[in-house]
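Please keep the sequence and the structure in view while reading.

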Amino acid sequence: MEENKIQLDCLLNADLHCHSRCSDGTLAPAELALLVKEHGVQLWALTDHDDLSGVKEAAAASQKIGLPFLAGVEISTCFGAESIHVVGLGVDADDVVLQQGLSEIRQGRNQRAQKIAQALEKLGIKDALAGALRYAGNPDVISRAHFSRFLVGQGICKDNADAFNRFLRKGKPAYVEHEWISMEECLSWIHGAQGVAVLAHPGRYRGLSKNQRRNLFTEFCALGGGGVEVVTGNHSTEEMVQYTQMAQHYGLLASRGSDFHSPDESRICPGALPLLNSNADPVWRVMANRIIY
Ligand code: AMP
Ligand code: MN
Ligand code: MN
Ligand code: MN
């Protein structure tokens with residue numbers, strides 16, 4: 001093994017879920033690379049929502065500071081009525097089918113954003129689309145997080161949690177149902193781009209019954225899904241244990257990621273989560289040939 005190569009075991013401080021301003025994070029990809037390195041992360045992945053435009057900058061910045069990097073993307077999909085996120089790790093960011101597919105999802109996001117703005121207008125909140133766009137680092141990717149920042153910036157909400165609880169989350173007046181792509185299509189794009197598909201933050205899908213959750217795992221495995229996030233900023237300690245067991249049960253590799261968005265907003269800093277349990281099988285074990293050094 002070359003000297004600069006990292007040991008791909010459970011003790012690795014890997015953070016394989018981070019957002020830049022190319023989606024709904026607030027830092028540029030190169031700034032994020034520096035911050036992640038400062039926090040002691042040894043391997044990281046940029047995983048912007050439905051977008052790969054930050055990958056080149058992140059890879060170049062990481063190489064410059066000697067930080068191993070994986071190209072990634074967090075794709076929005078549908079499983080029944082629940083919106084499910086799938087992280088593609090080690091993808092070829094130039095893959096044309098993946099690029100085209102993501103571009104279609106972004107168009108759908110755009111249409112949804114117009115409907116969210118109309119819903120807010122009905123509630124007396126004007127110009128929310130233009131307002132949200134002021135917070136978007138990449139006008140191609142408009143997320144509810146941008147609407148949330150707008151609502152906070154206007155003094156309508158006291159923080160992002162308040163904006164989601166009163167307006168943006170499911171069941172609230174500015175929530176808009178949206179048909180994302182199927183998991184089947186999503187996994188075929190990730191696999192076509194030589195990536196590994198990882199089920200993101202499974203503990204967050206609160207709309208799923210126990211049975212539906214099992215079906216989600218079964219279907220994800222049947223489609224060739226490779227891993228699941230067990231240690232994530234979205235999981236409680238109990239959920240980390242529970243999903244480490246689920247990963248073993250379903251023969252999925254275990255992933256770890258903060259889901260970092262912003263130094264001002266994120267509770268969890270990159271790399272600050274517990275390490276994987278020593279009995280977990282880390283997803284980075286199979287990614288040696290995808291890591292950019
Ligand atoms: P979208 O993909 O546009 O539906 O937006 C989802 C994004 O909104 C997530 O990736 C988070 O960045 C953010 N988000 C979702 N729920 C919350 C919440 N309760 N509080 C703060 N941010 C949230
Ligand atoms: Mn987000
Ligand atoms: Mn997510
Ligand atoms: Mn995320």
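Ligand 1 sits in the largest pocket, where sitting in a pocket requires more than half of a molecule's atoms to lie within 2 Å of its grid points. The model is predicted, so local features need pLDDT of at least 70 and side-chain atom pairs pLDDT 80 or more, while totals for chains, interfaces and linings use all residues. Residues are numbered from 1 along each chain, ligands are numbered from 1 and chains lettered from A in written order, and side-chain values use heavy atoms without hydrogens and water.

Around ligand 1 stand Asp24, His49, Arg109, Arg112, Ser143, Arg144, Ala145, Phe164 and His261 (a heavy atom within 4 Å). By class, this shell has 4 charged, 3 polar and 2 nonpolar residues.

The table gives polar contacts with the ligand (N or O atoms within 3.5 Å).

| Side chain | Distance to an oxygen atom of ligand 1 |
|---|---|
| Asp24 | 3.1 Å |
| His49 | 2.9 Å |
| Ser143 | 3.4 Å |

Taken alone, ligand 1 exposes 500 Å², and the protein buries 76% of that (Shrake-Rupley method, 1.4 Å probe). Two or more residues of the shell come from each of α3 (96-122) and α5 (144-153) (helices are DSSP runs of at least four residues, H or I).

The largest pocket holds about 1500 Å³ of space. Its lining comprises 41 residues, and Arg144, Phe164, Arg204, Asn234 and Asp259 lie nearest its centre. By class, the lining has 16 polar, 15 charged and 10 nonpolar residues. A pocket is an open set of points on a 1 Å grid, with protein on both sides within 12 Å along at least five of seven lines; lining residues have an atom within 4 Å of a point.

Terms used. A polar contact is a pair of N or O atoms within 3.5 Å; within protein, one must be able to donate a hydrogen and the other to accept it, and residues adjacent in sequence count only if both atoms are side-chain atoms. On a 1 Å grid over the protein atoms alone, a cavity is a set of points where a 1.4 Å probe fits but cannot get out, and a pocket is an open set with protein on both sides within 12 Å along at least five of seven lines; lining residues have an atom within 4 Å of a point. Ala, Val, Leu, Ile, Met, Phe, Trp, Tyr, Cys and Pro count as nonpolar, Asp, Glu, Lys and Arg as charged, and the others, Gly among them, as polar. Grid points are joined across faces, edges and corners, and a volume is the space filled by probe spheres set on the points.
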